[in-house]
Amino acid sequence: MRTWTPIKLVGKTLRVDLDKERIEITDEGAKAYENFLGGKGLNQYFLYNGVKPDVEPFNPSNLLIVGAGLLTGTLIPGATRTNFDTKNVFNGGVGSANVGGDFGPELKFAGFGNVIIKGRAEKPVYLWIKDDSAEIRDAGKIWGKGTSHTTEWIREDLGEEDVQIASIGPAGENLVRGACIMVNGTRAAAKCGVGAVAGSKNLKAIAVKGSKAVEVAEPERFIELAKRAWKKIRFSRTAKIIREGRTFSTLEAKNAICNMPQRNFQDGHMDPEKIKMVNSQAFAKYELSKFACFSCPVWCRAYYRVEEGPYAGTEGEAVEMNSIADFASKLDIPYAPAVIKAHLICNDYGMDIDAAAGAIAWAFEAYEKGAITKEEADGLELKWGAHEVLMSLLKKMAYREGFGDLLAEGSYRASRKIGNGSEEYAITMKRQDLYEEVRVPKGWALGVALSTRGGGHCSGAPLVEREKFPSGVAKKIYGVKTTTDPTTYNGKAKLVVFHERFHNVLHSTGICFYTSAWVYPDWLNQEDIAGLVSAATGIEITPEGLLRIGERIHNLERAFNILHAGFGREDDYLPERFFEEPIKSGPYKGEKLDRKKFDEMLDENYRMHGWDERGIPTRETLNNLGLEYVAKDLELAGIIL
Ligand code: SF4
């Protein structure tokens with residue numbers, strides 16, 4: 001007779017102590033999954049309970065936690081995501097980065113859902129996980145190497161072909177704050193300096209291979225629901241558009257609502273002639289093949305090769321909407337081969353493209369305004385559009401050479417060191433460089449401002465504002481009719497509250513944003529996911545119950561930020577530029593954020609979460625979410641009565 005237990009779905013928890021070279025396997029994840037699902041939710045639960053507020057991000061006592069989503073490794077479209085969580089190296093608060101590729105499913109096939117790493121190895125090591133077991137191995141020969149070489153070397157070292165590898169490059173080793181963790185050298189867990197934390201632990205990589213099945217409680221029901229999900233996504237018009245044009249198929253729509261960070265956010269609109277040089281059609285010329293992550297019908301990934309010009313011979317998996325916004329718009333380099341090259345350099349160094357472009361854009365503007373001299377910039381002319389300078393600065397950042405050492409700190413710290421008024425050009429949220437232009441779509445602005453990890457559009461920002469769905473459809477899924485009017489403030493606080501909870505559900509079940517209702521209302525929404533989670537776990541959960549878990553995770557993160565980083569309401573405001581300097585060109589010329597209306601959105605968002613006017617969760621709110629221990633911590637810290 002078949003017996004199902006949650007651990008067959010959630011996976012075991014692997015605890016690794018690099019100081020003591022000790023490995024322990026537990027069932028902690030399976031005990032807590034009902035309240036936190038998996039992926040980010042469980043990671044944040046382990047982080048909150050495992051790291052004290054006075055521990056600095058690079059202290060060996062900080063934890064680096066890997067978590068495959070609850071449904072990662074199953075047949076659901078896009079159930080492939082993995083989360084890396086730790087203390088944020090920019091601000092000491094929540095650090096969280098999510099990645100696709102096949103690492104998460106493989107971790108599940110090896111029998112694990114979460115890996116909790118503490119301590120610091122004496123010398124460079126990598127962790128090898130295979131079917132219910134793990135060992136720490138020497139990585140001395142690959143310290144200093146890029147993520148591509150590291151991936152190949154580890155496969156050879158193990159004598160195994162289909163091993164999934166999450167590794168850091170020189171940026172992580174050199175504690176560059178924007179260092180990320182790369183899966184197989186191509187997909188980035190990009191934010192909050194998770195790669196730098198791995199570097200601080202002398203952890204070069206985690207390699208994983210498994211041969212076990214991920215089992216669900218009610219297989220027949222689950223398969224039926226998964227089939228339905230595949231059917232509605234695979235043959236849809238939206239999937240076709242993304243498959244053909246990739247994640248930047250909506251570049252023109254994004255530009256139409258002035259959502260581009262042109263020249264370090266000095267404008268929000270890009271010249272349409274420049275857009276033509278970096279849109280889907282422009283990149284199609286260099287595209288060799290398309291492919292997808294594990295169990296995904298969307299196929300948003302692609303491999304490129306440049307045949308001519310200064311970057312001839314450049315090839316690899318590259319280019320997302322972010323690469324175009326970061327390099328083509330933020331640095332004003334509308335040259336597709338340079339965008340491909342810069343993206344691939346960052347991948348190999350293990351450096352977040354948003355963090356790299358953010359720091360460099362700050363330097364370009366500071367140079368333009370006379371706050372940085374050519375001598376200070378190692379003799380380089382920091383001019384908009386200078387792609388050769390960009391390539392040089394990326395290397396300097398990753399290796400912390402000369403001026404790159406300053407940029408490696410991110411624009412917030414770099415500007416405080418340089419001074420000369422350059423602080424004004426550091427466009428950051430919670431001290432982390434910002435990717436998102438925010439003056440036109442107000443819900444997007446609020447979501448980015450409130451993101452627990454410091455900017456980013458994956459913790460509450462709605463994408464739907466740039467779409468033209470009928471208001472009835474929008475109301476049914478997102479609970480708000482006014483979603484499709486980007487400039488209205490009306491209803492946007494509620495829209496963001498929904499997305500804050502929904503995004504946590506996605507990050508914790510392991511479902512890709514690009515197969516979810518974040519992209520299109522009929523794709524995997526809260527009703528679909530509630531059905532799938534119910535069938536997978538054998539415990540009935542409603543859409544409201546599912547969003548309630550998202551709310552619990554959100555409150556836990558908010559409390560972590562308050563206790564660890566001292567964040568409060570003042571840290572939920574976007575940079576001055578967005579309130580003071582209007583969009584300079586394009587259809588929304590003259591638009592900026594209205595401080596009073598932004599404040600009202602903030603108040604409404606706090607109220608809907610059950611937080612006080614300072615943005616602190618009340619005891620009642622926390623108790624209702626089963627977070628009594630968090631309320632106690634806030635009380636002991638003198639923050640609530
Ligand atoms: S939509 Fe793209 S990133 Fe998401 S799972 Fe599919 S291929 Fe991967």
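Begin by selecting helix α15 (residues 336-349) together with helix α17 (residues 387-399), which pack at an angle of about 5° with their axes 10 Å apart; axes here are lines fitted to C-alpha atoms, for helices over the stretch in contact, and angles run from 0 to 180 degrees between N-to-C directions. The two helices, α15 and α17, are therefore roughly parallel to each other, a term used for angles under 35 degrees, while over 145 counts as roughly antiparallel, 65 to 115 as roughly perpendicular and the rest as oblique. Helices (H or I, at least four residues) and strands (E, at least two) are DSSP runs numbered from the N terminus.

The model in the viewer is predicted, so that local features need pLDDT of at least 70 and side-chain atom pairs count only at pLDDT 80 or more, whereas totals for chains, interfaces and linings use all residues. Residues are numbered from 1 along each chain as its sequence is written, and side-chain values use heavy atoms, with hydrogens and water left out.

Now show the side chains between these helices: Ala338, Lys341, Ala342, Ile345, Cys346 and Tyr349 of α15 meet His387, Leu390, Met391, Leu394, Lys395, Ala398 and Tyr399 of α17, where contact means heavy atoms within 4.5 Å. The residues of this contact between α15 and α17 divide into 10 nonpolar, 1 polar and 2 charged; Ala, Val, Leu, Ile, Met, Phe, Trp, Tyr, Cys and Pro count as nonpolar, Asp, Glu, Lys and Arg as charged, and the others, Gly among them, as polar.

Next, select helix α3 (residues 39-50) and helix α22 (residues 492-509), whose axes come within 4 Å and cross at roughly 90°, which makes α3 roughly perpendicular to α22. Here Gly39, Lys40 and Gly41 of α3 meet Asn504, His507 and Ser508 of α22, and by class the contact of α3 with α22 has no nonpolar, 5 polar and 1 charged residues.

Colour the protein by domain: domain 1 (7-209), domain 2 (259-433) and domain 3 (442-510 + 542-636), with bounds that come from an automatic or database domain assignment. The C-alpha centres of domain 1 and domain 2 lie 26 Å apart, and 39 residues of domain 1 are in contact with 27 residues of domain 2.
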